[in-house]
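Here is a short note on two features to check in the viewer. Please keep the model open while reading.

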Amino acid sequence: MTTKILIVEDEPDILELLCYNLRQAGFEITTAEDGEVALRLAEQHPPDLVVLDLMLPGMDGLELCRLLKQREALRRVPVLMLTAKTEEVDRIVGLELGADDYVTKPFSPRELVLRIKAILRRAAHRQGEEAEAGRLEIGPLVIDPTAHQVQVGERQVELTATEFRLLHTLAQRRGRVQTRDELLEVVWGYQYSGYGRTVDTHIRRLREKLGEACDWVETVRGVGYRFRKEMG
Ligand code: CA
C-alpha cells in the first residue's frame, strides 16, 4: 500500500520541489495551499503523514497542527513542520503543539525524505505496540482487533464484521451489562431503539460460532447482555 502524504505549503516553488522529491521517493501526494483546505482534505482522506509549512496565509501551521491533533481520527498522523525561522523551532517541537519533527528552510530534499522515513518508522512501531495492547485474552478466547481475528483455544472463529464488533464491544466492557440499545448504538450506529431483536439474532449466531466458549456471553434477563469477567 502506498504511503499518502499531505503537503501544506503556499509557495509554489517549494511545493513543486516537495511534490517532485516525495513522488520520486514513492509517496502518494496530495497538496493544499492553506490550512482550511488542508484540514478538509485530511478529514476526508486521512493521510499517513503531513508536511506542514509554518507560515501560511490565514490559519498558520501551528494552528493547523493543533486542530489536527484534536481530531480523534487524525491525532496519530505524524506532522513534519517546515520553517524558515530557526527561532520558531522551540515552539514547534513543544509538546502541546504535537509536531513530530521539523526541517528548516532551505532544506535538502534528500534529508527531508530521510526524516520522513524515520518518522513513519517510529509511527509504525508505535501502532504495533498499540495493537498488541488492544489484544484481549479472556478464558479460551483471543480477540485481536487489528487482524480482526477471534480464536477459541486453537480454533479460528469466522465472524462477520458486525459479529466481531459485537463480541469486541462486549469483551471490552466485560463484567458490565450492556442494554440492547447501547449495543445498537455502539455496534450498529443506531441512535434509536426498537431494533432489539436484531441484537438478539446476532448474539444467537455469535454464540453458535463460539461453540464451547458460548457461555462467556451471558443474557441478563430483561436488560441485555454481558461478557463474563470470569467463568465460575
Ligand atoms: Ca509559507
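1. A donor here is an N, O or S atom within 3.2 Å of the metal when the metal is Ca. Water is not among the atoms, so a site may look incomplete. The model itself is predicted.

2. Which residues supply the protein donors of the calcium ion? They are Asp10 (OD), Glu11 (OE), Asp53 (OD) and Met55 (O). Their distances from the ion run from 2.1 to 2.7 Å. Along the sequence, the donor residues follow the spacing D-E-x41-D-x1-M.

3. The site links distant parts of the chain. Asp10 lies in the loop between strand 1 (4-8) and helix 1 (12-24). Met55 lies in the loop between strand 3 (49-53) and helix 3 (61-70). Asp10 and Met55 are 45 residues apart.

4. Are these two residues buried, partly exposed or exposed? Asp10 has a relative accessible area of 28%. Met55 has 47%.

5. Four strands form an open sheet in the order 6-7-8-9, and the pairing is antiparallel. Strand 6 (136-138) and strand 9 (155-157) are the edge strands. Each has a single partner strand, so one side of each has no neighbour in the sheet. On average, neighbouring strands of this sheet are turned by 20° against each other, direction ignored.

6. Strand 8 (residues 149-152) and strand 9 run antiparallel and are joined by three bridges. Val152 stands opposite Arg155 of strand 9.

Technical notes:
Residues are numbered from 1 along each chain as its sequence is written. This is a predicted model: local features need pLDDT of at least 70, side-chain atom pairs count only at pLDDT 80 or more; totals for chains, interfaces and linings use all residues. Side-chain values use heavy atoms; hydrogens and water are left out. Two strands pair if DSSP finds at least two bridges between them. Helices (H or I, at least four residues) and strands (E, at least two) are DSSP runs, numbered from the N terminus. Axes are lines fitted to C-alpha atoms, for helices over the stretch in contact, and angles run from 0 to 180 degrees between N-to-C directions. Donors are N, O and S atoms within 2.8 Å of the metal (3.2 Å for Na, K and Ca); water is not among the atoms, so sites may look incomplete. Buried means under 20% relative accessible area, exposed over 50%, partly exposed in between (1.4 Å probe, protein chains only).
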